[in-house]
Amino acid sequence: MLPEPHRLRRRADFASTVRRGRRAARPDVVVHALANAQAGSLISEPGPRFGLVVSKAVGPAVIRHRVARRLRHICASLVDEVSEGSFVVIRALPGSATATSDELARQLRSGLRKLDLMSVGESG
């Protein structure tokens with residue numbers, strides 16, 4: 001489970017990350033990231049924050065919740081590897097419904113590496 005201090009909750013934080021941040025598209029997910037985003041936020045806790053967008057295009061509620069649980073689990077394992085102060089929004093694409101957890105993790109790590117958010121010395 002993704003710890004509370006590492007969850008992105010506020011609509012304004014989601015919006016600024018998607019609008020002002022950079023993005024990396026992968027086959028099943030799109031990673032939006034805003035580095036050092038906490039300077040303009042009301043959030044004072046250190047560490048990266050993750051938010052998920054899993055729309056109805058992914059599938060019915062059972063499938064959407066399954067995808068969201070998988071992505072939250074992956075994000076929890078990445079907390080120590082992603083740069084502090086970063087906001088990351090992961091948008092699940094329809095293909096994520098049939099992707100395995102390993103495929104989703106690989107794509108998410110790839111997107112974060114492309115956006116230079118993985119800490120130095122970490123491999124994946």
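The protein chain has 3 helices and 4 strands, where helices (H or I, at least four residues) and strands (E, at least two) are DSSP runs numbered from the N terminus. From that end on, the elements run α-β-β-β-α-β-α. This is a predicted model, in which local features need pLDDT of at least 70 and side-chain atom pairs count only at pLDDT 80 or more, while totals for chains, interfaces and linings use all residues. Residues are numbered from 1 along each chain as its sequence is written, and side-chain values use heavy atoms, leaving out hydrogens and water.

**The chain as a whole**
- Of the 124 residues of the protein chain, 47% count as buried; buried means under 20% relative accessible area, exposed means over 50%, and partly exposed is in between (1.4 Å probe, protein chains only).
- The accessible surface of the protein chain comes to about 6,800 Å², and 51% of that belongs to carbon and sulfur atoms. Such areas come from the Shrake-Rupley method with a 1.4 Å probe, and for residues only the protein chains shown count as cover.
- Take the contacts (heavy atoms within 4.5 Å) between residues at least 6 apart in sequence: 79% of them join residues at least 24 apart.

**The sheet**
- The 4 strands make an open sheet in the order β1-β2-β4-β3, with mixed pairing; two strands pair if DSSP finds at least two bridges between them.
- At the edges are β1 (22-25) and β3 (49-54), each of which pairs on one side only.
- From one strand to the next, the twist averages 20°.
- Strands of a sheet pair through backbone hydrogen bonds, either parallel or antiparallel.

**Strand β2 and its partners**
- β1 and β2 (residues 29-34) run antiparallel and are joined by 4 bridges. They form a hairpin with 3 residues between them.
- Two of the bridge partners can be looked up in the model: Ala 25 goes with Val 30, and Arg 22 goes with Ala 33.
- β2 is also joined to β4 by 6 bridges, again antiparallel, and here Ala 33 stands opposite Val 88.
- Because 6 of the 6 residues of β2 are buried, this strand is largely enclosed by the rest of the structure.
- Both of its faces are covered, with Val 29, Val 31 and Ala 33 on one side and Val 30, His 32 and Leu 34 on the other.

**Helix α1**
- In α1, Asp 13, Phe 14, Ser 16 and Thr 17 are buried.
- What covers the buried residues of α1 includes β2, β3 and β4.

**Gln 107 in helix α3**
- Gln 107 has its place in helix α3 (residues 101-114) and is buried, with a relative accessible area of 5%.
- Its side chain reaches the backbone nitrogen of Asp 28 at 2.8 Å.
- Leaving aside residues up to four places away in sequence, Gln 107 touches Arg 26, Pro 27, Asp 28 and Val 29.

**Ala 76 in helix α2**
- Ala 76 lies in helix α2 (residues 61-78) and is partly exposed, with a relative accessible area of 28%.
- Ala 76 and Met 1 are 75 residues apart along the chain, and their C-alpha atoms are separated by 6.4 Å.
- Not counting residues up to four places away in sequence, Ala 76 touches Met 1 and Leu 2.

Terms used: Polar contact = N/O pair within 3.5 Å; in protein donor to acceptor, adjacent residues only side chain to side chain. Axes fitted to C-alpha atoms, helices over the stretch in contact; angles between N-to-C directions.
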